[in-house]
Amino acid sequence: MSNSLQYINQSLSNPFIGSRLKPAQSSLLCIDIHHIPSIMNPLVSLLFVLLVVVQLSPTLSYPADDHHHYNDDNDESPEHWKGATPLTIPTISENLPFGDFLSFSHYHRSCPDLEHIINEKLRQWLKQDYSIAASLMRLHFHDCAIRGCDASILLNHEGSERSALASKTLRGFEVIDDIKAEVEKRCPKVVSCADILTAATRDATVMVGGPYWMVPYGRKDGRVSIAKETERVPMGHENITALVEFFQSQGLNVLDLVVLSGAHTIGRASCASIQNRLFNFDGHGNSDPSLNDKYLNFLKRKCRWGSDYVDLDATTPKTFDAAYYSNLQRDMGLLKTDQLLYSDTRTSPLVTALAHQPQVFYHQFAVSMAKLGNVQVLTGQDEGEIRTNCNFVNSY
């Protein structure tokens, strides 16, 4: 096994790398990926106790799909699974000693109904707009990508991250504002916007069929938000080296890069973000030759105008599943960075493995999201604040 893959498998055992959580008592349940089906039932039981990662089905009635999506008639072939990398499924103890950092019991006394408030508000929003779940995942990523998970993306003033060109298509601000307003009624000046955004992202993921993970609390809100810093956030045009370096700068690894990219199993992208792949990839009016021909023709019809939107997952756009990785094997990655995951030798074995074993993606997504939510959080006495309005720093 290559050194890079050895590192990836080792890193699976510690989901707290790069966070402010203490990794004591973390454990690793080592399972050969090819043996998973034969022991799936006891594995699920173990994961419930150790990971607290459970599969919850959506309970909402969502609007009917009002647009067509691409569907390739080619059946998946066993050839796609050749070279699948043996992966391990990590486990997290819920009794970790966090000391002065984040804690699962942070709001147990000061705001005991917090998670109920967040959950109920999200149910209301998702009944109106199913796509808001993907928007919250993206908003959370953009927040954590700059200065850590400190809700700096929510600050709404001239020159803030929110005002930057890279943030132009971000959505979900009004959802966080709505939740925050209700929380302030029940628990004034107690709960940070950073904690609300992190927990709301988790609940939104579950409501669209994704995994559950426990969210520790105690993040504080940052007071600084600078538009120029958004230039560091990946926008779908980078190469794999740039993506790996960016994730490493956040304390995340190659596996987290591939797994968190799987969030593109739901949601949409603006056609403007891919028009160069469709109409002028080489500067001479040609299309990106790495695109599946049928998919390319579909996208050219769908994205005549940059202001339109297209599903990130061409086959199951409203289902949280591992079809995203199968699509990459068929040259149907929407963004350039999506497709590069399958063509680069550092990431392609992981794409193959996750396409072949969807249950590994499901559980690892929870672990990688937990790691993302703990990046460079503010917890010290002299760090940050608890905003009363997520759009502005406190005036007192």
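Predicted model: local features only at pLDDT ≥ 70, side-chain atom pairs only at ≥ 80, totals over all residues.
**Overall make-up**

The protein chain contains 14 helices and 4 strands, and 56% of its 396 residues are buried.

**Packing of α4 against α6 and α5**

Helix α4, which spans residues 132-145, packs with helix α6 (residues 193-207) at an angle of about 145 degrees, and the two axes are 9 Å apart. The crossing by which α4 passes α6 is left-handed. On the α4 side this contact is made by Ala 133, Leu 136, Met 137, Leu 139, His 140 and Asp 143, while α6 supplies Leu 197, Thr 198, Ala 200, Thr 201, Ala 204 and Thr 205. Sorted by class, the residues of the contact of α4 with α6 comprise 7 nonpolar, 4 polar and 1 charged.

With α5 (residues 173-186), the geometry of α4 is described by axes that come within 9 Å and cross at roughly 90 degrees. Because angles of 65 to 115 degrees count as roughly perpendicular, α4 and α5 are placed in that class. Here Ile 132, Leu 136 and Leu 139 of α4 meet Phe 173, Glu 174, Val 175 and Ile 176 of α5. The contact of α4 with α5 has 6 nonpolar residues, no polar residues and 1 charged residue.

**The loop between α4 and α5**

Arg 147, found in the loop between α4 and α5, has a positive phi of about 65 degrees although it is not a glycine. Most residues other than glycine have a negative phi. Arg 147 counts as partly exposed because its relative accessibility is 36%, a value that falls between the limits of 20% for buried and 50% for exposed.

Ala 151 lies in the loop between α4 and α5 as well, and its phi, near 60 degrees, is again a positive value in a residue other than glycine. Ala 151 has a relative accessible area of 0% and is therefore buried.

Ser 152, whose place is also in the loop between α4 and α5, counts as buried because its relative accessibility is 0%. Leaving aside residues up to four places away in sequence, Ser 152 touches Asp 143, Ile 146, Glu 161, Val 224, Ser 225 and Arg 387.

**Disulfides**

| Pair | S to S distance | Angle about S-S | Handedness |
|---|---|---|---|
| Cys 111 and Cys 187 | 2.1 Å | 75 degrees | right-handed |
| Cys 144 and Cys 149 | 2.0 Å | 115 degrees | right-handed |
| Cys 271 and Cys 303 | 2.1 Å | -60 degrees | left-handed |

In the disulfide of Cys 111 with Cys 187, Cys 111 lies in the loop between β2 (89-91) and α3 (114-128) and Cys 187 in the loop between α5 and α6, so the pair ties together parts that are 76 residues apart in sequence. Both Cys 111 and Cys 187 are buried.

Cys 144, which is joined by a disulfide to Cys 149, is buried, as is Cys 149.

The disulfide that joins Cys 271 to Cys 303 links distant parts of the chain, 32 residues apart, with Cys 271 in the loop between β3 (268-270) and α9 (275-279) and Cys 303 in the loop between α10 (293-302) and β4 (309-311). Cys 271 and Cys 303 are both buried.

Definitions and conventions: Residues numbered from 1 in each chain as written. Heavy atoms only, no water. Helix = DSSP H or I, 4+ residues; strand = E, 2+ residues; numbered from the N terminus. Buried < 20%, exposed > 50% of the residue type's maximum accessible area, 1.4 Å probe, protein only. Contact = heavy atoms within 4.5 Å. Axes fitted to C-alpha atoms, helices over the stretch in contact; angles between N-to-C directions. Left-handed = near helix turned anticlockwise from the far one by under 90°. Nonpolar A, V, L, I, M, F, W, Y, C, P; charged D, E, K, R; others polar. Parallel < 35°, antiparallel > 145°, perpendicular 65-115°, else oblique. Disulfide = S-S within 2.5 Å.
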